[in-house]
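Try each task before you read its solution.

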Amino acid sequence: MIRQPETDYDVIVAGGGAGGVGAALGAAREGAKVLLIEKYGFLGGAATTSNVLAYCGFFQQGPEPVKAVGGVADLVLDEMRALGVSADPFRSPTTHNWIILLEPETVKLALDNVLRKNGVDVLLHTRVAAVTRTADRLHALTLAGMEGRWRVEAENYVDATGDANLALIAGIPSRIGNEDGRLQAASGPIRVGGRNPNVPIDRKAIIAAFEDYNKTGDWPTARTDGGIYTEIPMTGEMWWMIFDHPMADLSSASFTRAEQASRAAAHDYINVLRKSVPGFENAYLVQTGPQIGIRESRHPQARYELTGEDLLTGRRRADGVAYAAWPIEDHSVAGKPVYRSVGGDGIADIPLDSLRAKGVDNLCYAGRVIGADSAAYASIRVMGTAFATGEAAGRFSASGANGLKNLWK
Ligand SMILES: Cc1cc2nc3c(=O)[nH]c(=O)nc-3n(C[C@H](O)[C@H](O)[C@H](O)COP(=O)(O)OP(=O)(O)OC[C@H]3O[C@@H](n4cnc5c(N)ncnc54)[C@H](O)[C@@H]3O)c2cc1C
């Protein structure tokens with residue numbers, strides 16, 4: 001049964017991506033009454049809004065898939081398995097990292113199911129519009145939804161909006177992009193249908209076709225290596241990340257240009273495949289995603305900013321509440337990602353203070369909103385890690401720091 005939402009909660013989570021779902025489940029499993037709000041009509045965040053169809057960060061790097069994230073994320077994976085997706089570790093032939101391949105419709109339903117089973121109230125088509133706060137606390141949120149605006153209250157709040165929208169309207173100072181104000185490129189991964197499954201994908205042919213296209217085409221790609229591609233489970237479709245768009249700022253005008261460019265490029269690129277790459281003669285564009293993939297936006301002030309150094313040295317700490325295991329994956333130069341591995345034993349602790357807003361006692365961050373410098377951000381933003389920081393933020397919001405430790409030790 002789907003419950004009617006109320007107006008008073010223990011914990012309200014803004015944003016229904018991996019971070020928000022992790023937070024809502026974490027809080028609910030501590031016994032809290034939880035509301036999760038999401039501006040789209042479905043959950044999943046970048047996985048379902050932007051065709052980001054692989055969970056990264058669940059495993060350490062190395063020849064075997066050693067887990068770095070468990071807890072409530074496992075409930076999500078189990079729910080996906082119940083719907084027919086393997087959710088097993090898969091070693092990317094391009095990066096050699098361990099990932100979990102996703103099929104977006106399964107992700108949406110699995111997340112609906114797991115939140116319902118854990119008693120979380122969910123409101124879709126609803127966004128945070130305003131907050132009421134005093135110096136060190138948030139008191140209420142004004143939500144905007146289909147029926148207009150209304151007010152909800154909670155003891156504690158979690159900003160899992162990816163873009164730190166709750167922190168923004170709460171007036172918490174933030175850094176945009178890296179320490180020089182430079183944003184990582186946005187990308188529009190696409191789903192390609194109609195490929196002949198009997199013809200192996202020929203990377204050399206893709207590279208040659210784009211060498212040619214880049215000379216005269218309207219949307220030359222900086223990914224001259226053919227991009228990253230995999231097969232989407234249960235569909236026979238190819239998932240393909242080939243187009244990156246540098247972002248000058250966070251204005252709506254810049255995002256409009258990025259959306260329009262990535263859409264136009266996607267149509268061109270399908271034509272390139274059809275014309276020049278064996279096996280793609282009947283290829284077609286299945287979907288560009290409801291929106292372009294935003295790698296980076298703003299970073300609100302946290303009580304601790306995780307550093308690249310913490311990750312490169314594999315720093316362990318007593319106040320760790322989640323593990324970062326994904327390599328630092330820097331996309332500051334569009335189309336030319338640079339990877340640096342997590343040091344030490346291949347994992348670094350993320351401390352509770354990275355999840356806590358500076359100056360506001362009852363606001364936590366989850367997912368890619370958490371406190372991190374630009375190097376650490378390029379690791380912790382992945383969805384596996386987002387589930388883990390979400391779970392910790394949710395459990396802390398429900399029950400405080402007592403007994404809270406890294407949930408996957
Ligand atoms: C092109 C690209 C490729 C990537 N590749 C991978 C990959 O292969 N694997 C991986 O694990 N990660 C990858 N990432 C990173 C990853 O997708 C994100 O960093 C991750 O999704 C962060 O999770 P999140 O829950 O913090 O935020 P998001 O997934 O962004 O979710 C935030 C949610 O909040 C909602 N929201 C926003 N504002 C409001 C509001 N005001 N009110 C209500 N709801 C709101 C949004 O609609 C969204 O659903 C990639 C990112 C990009 C852009």
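**Exercise 1. In this predicted model, find which residues Ser-254 touches, not counting residues up to four places away in sequence.**

Solution. Step one is to list the partners: Ser-254 touches Met-247 and Asp-249 once residues up to four places away in sequence are set aside. Step two is to look at the atoms involved, and here the side chain of Ser-254 makes a polar contact of 2.6 Å with the side chain of Asp-249. Step three places the residue: Ser-254 belongs to helix 7, which covers residues 252–276. Last comes accessibility. With a relative accessible area of 5%, Ser-254 is buried, because buried means under 20%.

**Exercise 2. Work out where Asn-178 lies, and what its side chain has beside it.**

Solution. Begin with the secondary structure: Asn-178 sits in the loop that runs between strand 10 (174–176) and strand 11 (186–187). Its relative accessibility is 15%, so Asn-178 counts as buried. Now follow the side chain, where a polar atom of Asn-178 lies 2.7 Å from the backbone nitrogen of Asp-180. Finally, leave aside the neighbours within four places in sequence, and you will find Asn-178 in contact with Glu-296 and Ser-374.

**Exercise 3. Is Ala-372 buried or exposed, and which residues does Ala-372 touch?**

Solution. Ala-372 is in a loop too, the one between strand 22 (363–365) and helix 9 (374–380). Its relative accessible area is 0%, so Ala-372 is buried. For the surroundings, skip residues up to four places away in sequence; Ala-372 then touches Arg-175, His-299, Glu-305, Leu-306, Tyr-377 and Ile-380. One more check concerns Ala-302: this residue is 70 residues apart from Ala-372 along the chain, and their C-alpha atoms are separated by 8.4 Å.

**Exercise 4. How many aromatic pairs does the structure hold? Classify the pair Tyr-40 and Phe-42, then the pair Phe-210 and Tyr-213.**

Solution. The count is eleven aromatic pairs. Take Tyr-40 and Phe-42: their ring centres are 5.5 Å apart with 20 degrees between the planes, and this pair is stacked, because planes under 30 degrees apart count as stacked. Within the pair, Tyr-40 is partly exposed at 21% relative accessibility, whereas Phe-42 is buried with a relative accessible area of 16%.

Next, Phe-210 and Tyr-213 give 5.9 Å centre to centre and 65 degrees between the planes, which makes an edge-to-face pair. Both residues are in helix 6 (residues 203–216), and because they are three residues apart they are separated by about one helical turn. Phe-210 is buried, with a relative accessible area of 3%, and Tyr-213 is buried as well, at 11% relative accessibility.

**Exercise 5. Which residue lies over the face of Tyr-9, and which lies over the face of Tyr-304?**

Solution. Start at Tyr-9, where Lys-33 lies over the ring face at 5.5 Å from the ring centre. Then go to Tyr-304, where Arg-317 lies over the ring face at 4.6 Å from the centre.

**Exercise 6. Examine the phi angles of His-125 and Met-234, and say how accessible each residue is.**

Solution. His-125 is not a glycine, yet its phi is positive, at about 55 degrees. This residue is in the loop between strand 6 (121–123) and strand 7 (127–134), and at 45% relative accessibility His-125 counts as partly exposed. Met-234, another residue other than glycine, has a positive phi near 70 degrees. Met-234 occupies the loop between strand 13 (228–231) and strand 14 (238–241). At 55% relative accessibility, Met-234 counts as exposed.

**Exercise 7. How many cavities of 30 Å³ or more are there, and which residues line the second largest cavity?**

Solution. The count comes to two cavities of 30 Å³ or more. The second largest cavity holds about 40 Å³ of space. Its lining is made up of Gly-188, Glu-259, Ser-262, Arg-263, Thr-288, Gly-289, Gln-291 and Ile-292.

Terms used. Residues numbered from 1 in each chain as written. Predicted model: local features only at pLDDT ≥ 70, side-chain atom pairs only at ≥ 80, totals over all residues. Heavy atoms only, no water. Helix = DSSP H or I, 4+ residues; strand = E, 2+ residues; numbered from the N terminus. Buried < 20%, exposed > 50% of the residue type's maximum accessible area, 1.4 Å probe, protein only. Polar contact = N/O pair within 3.5 Å; in protein donor to acceptor, adjacent residues only side chain to side chain. Contact = heavy atoms within 4.5 Å. Phe/Tyr/Trp six-rings, centres within 6.5 Å; stacked < 30°, edge-to-face > 60°. Lys NZ or Arg CZ within 6 Å of the ring centre and 35° of its normal. 1 Å grid on protein atoms, 1.4 Å probe; cavity = no way out; pocket = protein on both sides within 12 Å on 5 of 7 lines; lining within 4 Å. Points joined across faces, edges and corners; volume = space filled by probe spheres on them.
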